[in-house]
Amino acid sequence: MSRFYDLVTEHVRTLGRGTPGKPKRYAERDGALNCIRMASNENPFGPSPLAIEAMQAVAEESNFYPDNNVAELRRKIAERHLLAIESVLVTAGSTSLLGIIARTLLSPGRNAVSSERSFIVYSIATKAAGGRLIEVPMRHDGFDLDAIADAIDQNTRIIFVANPNNPTGTIVGPDALDRFLTRIPDHVIVVLDEAYYDFAQYFAVARGVEYSRALEYVRQGRNVVVLRTFSKAHGLAGVRVGYGLGPAELMGYFRRMRTTFSVSVMAQAAASAALEDAGHIQQALENNAEQSALLSNAIFSMGYHVSTTWGNFLYCELGGDAGAIASALQVEGVIIRPLGAWGAPTAIRVTVGTPDQNQIFLKAFKKVMDGTPVR
Ligand SMILES: Cc1ncc(COP(=O)(O)O)c(C=O)c1O
């Protein structure tokens, strides 16, 4: 037993360490030259030039604390979504907001419900708050909303729904969500995590279907909190800025739990500018739609199963040791995510890259899979 084991709370002892993606520079230091990072669903084209300019412009003010109310950015977000500013909370990434939601609503004895094989932070945030996460089995690689509703008990306070889901890329449609919400008792808050909103909405238009009515739920004052982020389509993962939309009173409680000044001067300026750069977002969405199809077809034609994605990543079932495949790919200079920690030891998640990156990935993938006795 270590020196501080007895000092920390019991629920902190049970927390895993988590395995965020390896930063590119460290992977390169570890031996892979000119690594391509396709492991964390980032925007491969970088941040918007407008966001870079905005960050440079405020860099000189970095000696001052930021606006703790994040007033300008919240106003812009509220106007864009036709919501009151009190319904908007901006945080240092949506990961941070997940922690705040869990700490506000959970404590030992209370629980949250989600699906297996979903965003790993739901489990970390729940446990760190002393709560228990009930993970319901999936149906067809997607959320089984009926089973989730069945799992609710009097101690449940949160349901986490990743829509689209990371890592499987599936969505739950609006009719299914409407029905689901009628089954949710008043003591439960539904967190609709729409980190990949822009990609899913783009696909939905192209596929001629409706994707989400999440904002309507917020406007109706339902027990729903919608999460969005600037980390994906907007290309600002390293800056750490995301937001939640929900009932004003509840958002007020979350605001109390936020770390003071946690959304930096740079983050506020970058996000504000990125919102205005529709062209930059469009580039990411168009590339993603075209290149995800190309990548899926190529992987599928090699005999592997690829789920239809609604995000900027592919969930691939390879039938062999995904950890070994990921290591072999890294030697070839490509970092992807093996999904053993999600209970899918033979599956990988690959972020859709630029056309050039995808070609490099495919070349490496063919080489690795030809040489790996996986099936
Ligand atoms: C489903 C989901 N929610 C939230 C996030 C976190 O985003 P942020 O960078 O805003 O913390 C991710 C990031 O991968 C995600 O996949």
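Let's start with two helices, α14 and α15. α14 covers residues 322-331, and α15 covers residues 355-371. Their axes come within 9 Å and cross at roughly 125°. Keep in mind that this is a predicted model. The crossing of α14 past α15 is right-handed.

Which residues of α14 and α15 meet? From α14, we have I325, A328 and L329. From α15, they meet F361, A364, F365, V368 and M369. By class, that contact has eight nonpolar residues, no polar and no charged.

Next pair: α4 and α12. α4 runs over residues 71-80, α12 over residues 265-276. Here the axes come within 9 Å and cross at roughly 30°. Angles under 35 degrees count as roughly parallel, so that is what α4 and α12 are. α4 passes α12 in a left-handed crossing.

On the α4 side, the contact uses E72, L73, K76, I77 and R80. On the α12 side, it uses Q268, A271, S272, L275 and E276. This contact divides into four nonpolar, two polar and four charged residues.

Now the ligand. What surrounds it? The residues are G93, S94, T95, F119, N166, D193, A195, Y196, T229, S231, K232 and R240.

Let's take three of these in turn. S94 places a backbone N or O atom 2.7 Å from an oxygen atom of the ligand. N166 has a polar side-chain atom 2.7 Å from a ligand oxygen atom. For D193, a polar side-chain atom lies 2.6 Å from a nitrogen atom of the ligand.

How values were computed: Residues are numbered from 1 along each chain as its sequence is written. This is a predicted model: local features need pLDDT of at least 70, side-chain atom pairs count only at pLDDT 80 or more; totals for chains, interfaces and linings use all residues. Side-chain values use heavy atoms; hydrogens and water are left out. Axes are lines fitted to C-alpha atoms, for helices over the stretch in contact, and angles run from 0 to 180 degrees between N-to-C directions. Helices (H or I, at least four residues) and strands (E, at least two) are DSSP runs, numbered from the N terminus. A crossing is left-handed if the near helix is turned anticlockwise from the far one by less than a right angle, and right-handed if clockwise. Contact means heavy atoms within 4.5 Å. Ala, Val, Leu, Ile, Met, Phe, Trp, Tyr, Cys and Pro count as nonpolar, Asp, Glu, Lys and Arg as charged, and the others, Gly among them, as polar. A residue is near a molecule or strand if one of its heavy atoms lies within 4 Å of it. A polar contact is a pair of N or O atoms within 3.5 Å; within protein, one must be able to donate a hydrogen and the other to accept it, and residues adjacent in sequence count only if both atoms are side-chain atoms. Angles under 35 degrees count as roughly parallel, over 145 as roughly antiparallel, 65 to 115 as roughly perpendicular and the rest as oblique.
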